[in-house]
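Dear colleague,

I am passing this structure on to you, and I would be glad if you could look through it. Some notes follow below it.

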Amino acid sequence: MSKMIHLLLKQNIGAKNTPVVKVGDEVKRGQLVGTFEGLGAYLHASVDGKVVDITEDEIIIEANDVQGEDYVKIEKGATIAETVKNAGIVGLGGAGFPAHVKLGTDLGGTGYVLCNAAECEPILSHNMNQLLLEPEKLLRGMKLCMEATNAAHGVFALKEIHPKEIKALEAIIDDERIRIEAMPNMYPMGEERAVVRECLGIELDTDQLPSAANAVVINSETMCAIADAVDDLKPLIEKNITVAGYLNTANSLEIFMNVPIGTRVGDLIDRAGGIFKYGEYGEIIMGGPFTGTSTTVDDYTKKATGGILVTKPYPKGAPKMGLLVCACGGNEARLREIAGYMGSQVVGVEKCKQAIEGKGGALKCERPGHCPGQAAKMLNLKKAGAQEVLISNCTDCTNTVMGVAPKMGIPVHHQTDTILETMGIEKIRFLKDGQKR
């Protein structure tokens with residue numbers, strides 16, 4: 001196992017961290033090592049050790065052989081939001097937005113705190129695992145978030161396929177202001193605007209934040225970290241991670257709790273049993289099947305890392321491939337990457353009918369999880385010479401693609417196919433009973 005911890009100086013939306021330590025310094029677990037200006041989050045050492053290098057992009061710490069459970073406590077702020085800021089907490093569901101900014105919202109005594117406990121991506125399981133292990137901590141986090149934002153109501157948003165987790169929360173909720181919303185089992189129910197729609201019945205435009213619905217959306221793991229910060233003055237130094245896929249283990253899925261941020265990807269894979277057949281695999285994905293990015297064994301975990309997924313080798317695709325890019329899944333560059341793994345040449349690119357270009361060119365879906373049809377897009381790709389198509393669509397959009405592509409004689413590949421096949425999970429193709437309201 002590597003003793004080196006690599007703390008990236010850019011781990012969240014906003015400013016890059018500025019180191020406040022120097023090479024040769026001995027650091028303690030929880031010690032502040034990076035500050036910021038403007039929008040951002042503080043960075044803390046995740047292990048006891050020695051700073052051995054500082055580059056433009058990272059602080060490298062050589063961990064001591066013996067690690068204790070103690071940590072350097074943060075300073076308690078005058079408000080909950082200030083304490084959370086001191087803890088360096090960001091959204092742990094993937095986006096990495098600084099949590100103290102959300103908690104600085106004043107909902108006027110009438111709004112909602114929505115806990116995103118959808119665990120939206122297939123395979124990822126660490127959020128549900130934490131909920132079952134620490135339901136009281138999650139409830140405490142909800143109450144703190146409601147207090148910080150002056151909210152009148154709290155809603156735990158879970159997929160209806162998690163009855164054990166729903167019951168675990170039902171058994172401890174002791175506040176009539178807080179309820180549970182069971183959402184359909186489809187992707188992307190964890191998208192912020194989808195959570196608002198399912199919980200509050202309010203449709204937000206692509207450029208609107210949940211605050212337009214007098215709401216704040218916070219990931220369940222983030223809520224637990226907020227409880228740790230306020231009650232135990234603990235900085236964000238650890239992350240819960242699902243490691244799954246083409247592994248030498250019986251169930252091909254392991255959940256590791258409290259992993260030091262900056263841990264080597266290959267070390268986590270080794271802890272989970274190692275890559276199957278001594279290194280023969282397709283790719284390693286950091287994140288979930290829909291929104292994750294390709295990584296290597298020599299990369300390092302970040303604050304928002306939720307999954308490390310190893311795929312079996314990719315199948316060979318048709319010589320000419322068309323791409324249908326969806327705002328809810330991989331972007332064009334990601335689909336081109338997968339097409340390359342399949343040995344295919346991209347001959348045409350179309351964007352999902354509801355994908356609207358936002359700031360910086362990023363795509364936003366007009367109605368996440370509700371699709372009006374993709375026939376014209378498929379026809380355009382066929383005219384471009386595509387023999388097959390590779391798509392990154394949500395569950396409903398994929399259902400509409402499957403309603404037309406086979407009739408046109410166009411086989412469909414989804415960007416999630418190979419990792420789902422690796423796990424023995426049914427591929428995303430058609431909507432099933434109960435997946436649409």
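In which loop is Pro-188 found? Pro-188 is in the loop between β10 (178–183) and α6 (192–200), where helices (H or I, at least four residues) and strands (E, at least two) are DSSP runs, numbered from the N terminus. A cis peptide bond, with omega of about 15 degrees, joins Tyr-187 to Pro-188.

Before going further, please note that this is a predicted model, in which local features need pLDDT of at least 70 and side-chain atom pairs count only at pLDDT 80 or more, while totals for chains, interfaces and linings use all residues. Residues are numbered from 1 along each chain as its sequence is written, and side-chain values use heavy atoms, with hydrogens and water left out.

Two loop residues come next. Most residues other than glycine have a negative phi, and most peptide bonds are trans. Asn-150, which is not a glycine, has a positive phi near 60 degrees, and its place is in the loop between α4 (135–149) and β9 (153–159). Asn-150 is described as partly exposed because its relative accessible area is 38%, given that buried means under 20%, exposed over 50%, and partly exposed in between (1.4 Å probe, protein chains only). Leu-233, also not a glycine, has a positive phi of about 55 degrees and lies in the loop between α7 (220–232) and β12 (238–245).

Asp-417 lies in helix α12 (residues 417–422) and counts as buried because its relative accessible area is 6%. A polar atom of the Asp-417 side chain lies 2.9 Å from the backbone nitrogen of His-414. If neighbours within four places in sequence are left aside, Asp-417 is in contact (heavy atoms within 4.5 Å) with Val-412, Lys-427 and Arg-429.

In the model, the span of residues 3–60 is 0% helix and 41% strand, and its end C-alpha atoms lie 10 Å apart. Ile-13 is found in the loop between β1 (4–8) and β2 (18–19), and is classed as partly exposed because its relative accessible area is 35%.

With kind regards

Definitions and conventions. Polar contact = N/O pair within 3.5 Å; in protein donor to acceptor, adjacent residues only side chain to side chain.
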